[in-house]
Every structure is written in C-alpha cells, then in structure tokens.
Amino acid sequence: MHKKLFIPGPTEVRKSNLEAMATPMIGHRFPEFVDLFKETVEKLQKLLYTNNIIFISTSSSTGLMEAAMRNCVSKKVLSCINGAFSQRWADIAEANGKVVDRIEIEWGKAVKPEMIDEKLRTGEYDAISMALNETSTGVLSDIERIAEVMKKYPDVMFLVDAVSCMSGTKIDVDKLGIDVCLAGVQKAFALPPGLAVASISDKAMEKAKSIENRGYYFDFLVMKKYYDKWQTPATPSISHIYALNHQMSDIIEEGIENRFDRHSKMAEYVRKWGNDRGFNMFSEEGYHSPTVSCINNTKGFKVKDLNDFLATKGAVISNGYGTLKEKTFRIAHMGDTQMADIEELLSWIDEFLSK
Ligand SMILES: *Cc1c(COP(=O)(O)O)cnc(C)c1O
C-alpha cells in the first residue's frame, strides 16, 4: 500500500502532476521548450513577487546552494546556523574553499536580526546565508526583520535557503531584497525530487562577474547566457519542467495567497492538536513553521511504533532530525496536503496514543 507522505520532503505528489511528468519528450533546443521554460519562469516570478531572473536547475536544492556559494562569495561568508540545513550552507562554503564565519544558534531558535547586524558592522563579509524555514527544527525565521538589517549592507549578498517553505509562505523577494532565494520542488511545491529553482538578483549577477572559479555546471554567467534564450546550458529534466509548469498553473488557480493561508491554517491546527494533548513545540514561540511542525515527544513513544501503526492506515510522518530522532517528531503539512488530510492523520495518531 502506498503511504501518504507527511514527511518534510519528498511530499505527496498529486496524480495530475505525476501525469504531467509523462508528457511526450521534446528536445531542449526546440521552440516548444522555449515556450515551456518561459511560461514556467513567469509563473515562478509571480509566486515570488519578483522581476528577478529565475534559474531552473536539474539538481536538488543542494546544487543551487553550492552554486550560490561559488558565484556570490569571494572572501568571507557569514553563516547563520540554527539547524541541520543552515549548517549545510557553511559546509558547502568550506568545501568550496571559502572563509566561513558562523553564528551558532541553539536548535529550535530563530535567527535574530540583531545577531546579523552586529557581525556585518565589521564590514568583513560579502555574503550571509540562512535557512528561512529550518526543516530540522520547524523554525521559520523573521525574514522581514532580517531584510531590514540587510538593507543597511547593500554590498552583502543575501543568500536564502527557502527549500521547505517556498510556495507555502509569502516570500516577497524584491521587497526583501533577497539576492538568491532557492528551493527544491519536492517540498512545498509537491513534485517529485530532482529539480530546483532560484531567483537571482541583478546584484548577485554583477557579483558573479567579479568571482573566479565559479565552477562549470553552476556558473551563473553561463546559465544567464542561456536563460536569455529561455534555455539551460545542459540538458534539463524536461519532464520535471512540464510538471512544474502544470503545478504552477494549479497554484495560481488556487490563489497564491490562498495557498499560503491554507498552510498556516494546517500548521495552526496541528499545534492546537498537540497542545490539547499535552505536547509542546520544539520550535521557539512566535517562530513556528507554517509547513512543518516539530513537536517534542513528551509522551516518549517510539516514533517507529507510531509509523508502523500509521503504515496500516497508509500514512507516514517523520522522526526528529539527527540527535532529535526520538526526542521530537515532525509532521509536514505542506504542498498539496489539505486540512482534511491533516484531520485524518491526527485522528490516526490519536488512535495510536489511546492504545
Ligand atoms: C530538504 C532541504 C534541503 C536539501 O534539499 P535537497 O533538495 O535534498 O538538496 C536544504 N535545505 C532545507 C531547508 C531543506 O528542507
């Protein structure tokens, strides 16, 4: 039996999107591809409230994280670390020979603007990296307040991993001044894994021009050269782009704001459910994620036992990340998951808890 995915990626994919992936193949230099690519990009620009260019990359999100580090960091990057994925930014920077300075924040807490301001004041950095929605801890940092700080430092690149919240919460890229805002399609976009997207500011493109060793597959300048023809340098996963284009139409039809609203309502519902049963959130008050809830396992059950039970119903949730494996459990409520799905899932968890 297929288990409906309530894990924070990959998420459950609707049949019509799977079917879009089965569209008969075309060549990536055909005019049909140009139309497909252009349409998809324009819809993504709408989703992100941006006029920036949008790269569509045949890689997972990590590929575009590496791209951002290689193309936007010359001397030193400030990495804000409050969980496993923000940590990944720092690891990538280091692996690419960049100098990394870290702000280490207790897991479960949000990145605070003051911490960034204090560091950037030194003038040592040419970029900062953060995970807007830390999937390992269920924390959504306050991007608006962080963006206010970033406005004071216009030369510092603002690199944002929005992997598990893009299309699940509003990210007003132009207003916030985000230079690279990236995500993979297997999270809140609810598509099969293997494709990633990123908005790239003019500033980031200018910065890339000044940087050597940008690599080959992810060289922003080469990607832009092809982008200007609505193409990609190498053969992309055309099937994925068909699915993304299809999904973006559905997202726009649902209403972008309605979609964000649906996500926050599902998140609220899960938190209230947890609270009513004596659980509490691992994430800091005021910074709970709209797409994934990380709940303290105060009842001390084995997450594996819960999942064994859920498997009989045809569902699966996620244990905690790393050392939080049994201390927390995570319920994803993102993508095309509806309130009714969440209600059903939680009723099953209630059944498990009452045994
Ligand atoms: C899943 C995830 C990643 C890694 O994405 P891949 O697509 O597996 O490379 C990075 N950051 C966050 C916040 C994530 O949730």
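1. Thr169 counts as buried, because its relative accessibility is 17% and buried means under 20% relative accessible area, with exposed over 50% and partly exposed in between (1.4 Å probe, protein chains only). Thr169 sits in the loop between β8 (157-161) and α7 (173-176). Helices (H or I, at least four residues) and strands (E, at least two) are DSSP runs, numbered from the N terminus. Beyond residues up to four places away in sequence, Thr169 touches Leu140, Phe260 and Pro290; contact means heavy atoms within 4.5 Å. Thr169 and Trp273 are 104 residues apart in sequence, and their C-alpha atoms are 21 Å apart in space.

2. Ground rules. This is a predicted model, in which local features need pLDDT of at least 70 and side-chain atom pairs count only at pLDDT 80 or more, while totals for chains, interfaces and linings use all residues. Residues are numbered from 1 along each chain as its sequence is written, and side-chain values use heavy atoms, with hydrogens and water left out.

3. Overall fold. The protein chain has 13 helices and 14 strands. Its radius of gyration is 20 Å, close to the 20 Å of the globule rule for 355 residues, so the chain is as compact as a globular protein of that length. The radius is taken over C-alpha atoms, and the rule is 2.2 Å times the number of residues to the power 0.38. The C-alpha trace spans about 60 × 55 × 35 Å along its principal axes.

4. Packing and surface. Of the 355 residues, 60% count as buried. Among contacts in the chain with a separation of 6 or more, 73% come from residues 24 or more positions apart. The chain exposes about 14400 Å², and carbon and sulfur atoms supply 51% of that area. Accessible areas come from the Shrake-Rupley method with a 1.4 Å probe; for residues, only the protein chains shown count as cover.

5. Charges. There are 45 positive and 49 negative charges, and their mean positions are 2 Å apart. Lys and Arg count as positive, Asp and Glu as negative; His and the chain ends are not counted. Each charge is placed at NZ of Lys, CZ of Arg, CG of Asp or CD of Glu.

6. His288. This residue lies in the loop between α11 (256-276) and β11 (292-296). His288 counts as buried because its relative accessibility is 14%. Its side chain makes a polar contact with the side chain of Ser283, at 2.7 Å. Another polar contact links the side chains of His288 and Glu285, at 3.3 Å. A polar contact is a pair of N or O atoms within 3.5 Å; within protein, one must be able to donate a hydrogen and the other to accept it, and residues adjacent in sequence count only if both atoms are side-chain atoms. Leaving aside neighbours within four places in sequence, His288 is in contact with Gly138, Leu140, Arg271, Met281 and Ser283.

7. Gly274. Helix α11 holds Gly274. At 4% relative accessibility, Gly274 counts as buried. Gly274 and Asn296 are 22 residues apart in sequence and 9.3 Å apart in space, C-alpha to C-alpha.

8. Leu345. Helix α13 (residues 339-353) contains Leu345. Leu345 has 0% relative accessibility and therefore counts as buried. Not counting residues up to four places away in sequence, Leu345 touches Phe6, Leu310, Ala315, Ile317 and Ile331.

9. The α2–β2 loop. Both Asn52 and Tyr49 belong to the loop between α2 and β2. Asn52 counts as buried, at 11% relative accessibility. Excluding residues up to four places away in sequence, Asn52 touches Gln45, Val173, Asp174, Ile178, Ser199, Ile200, Ser201 and Asp202. Tyr49 counts as partly exposed, at 25%. Phi of Tyr49 is near 50°, a positive value in a residue other than glycine.

10. Other backbone points to inspect. Asn213 also has a positive phi in a residue other than glycine, near 55°. Asn213 lies in the loop between α8 (202-209) and α9 (220-227), and counts as exposed at 62% relative accessibility. Gly9 and Pro10 are joined by a cis peptide bond, with omega about -10°. Pro10 is in the loop between β1 (4-5) and α1 (15-20).
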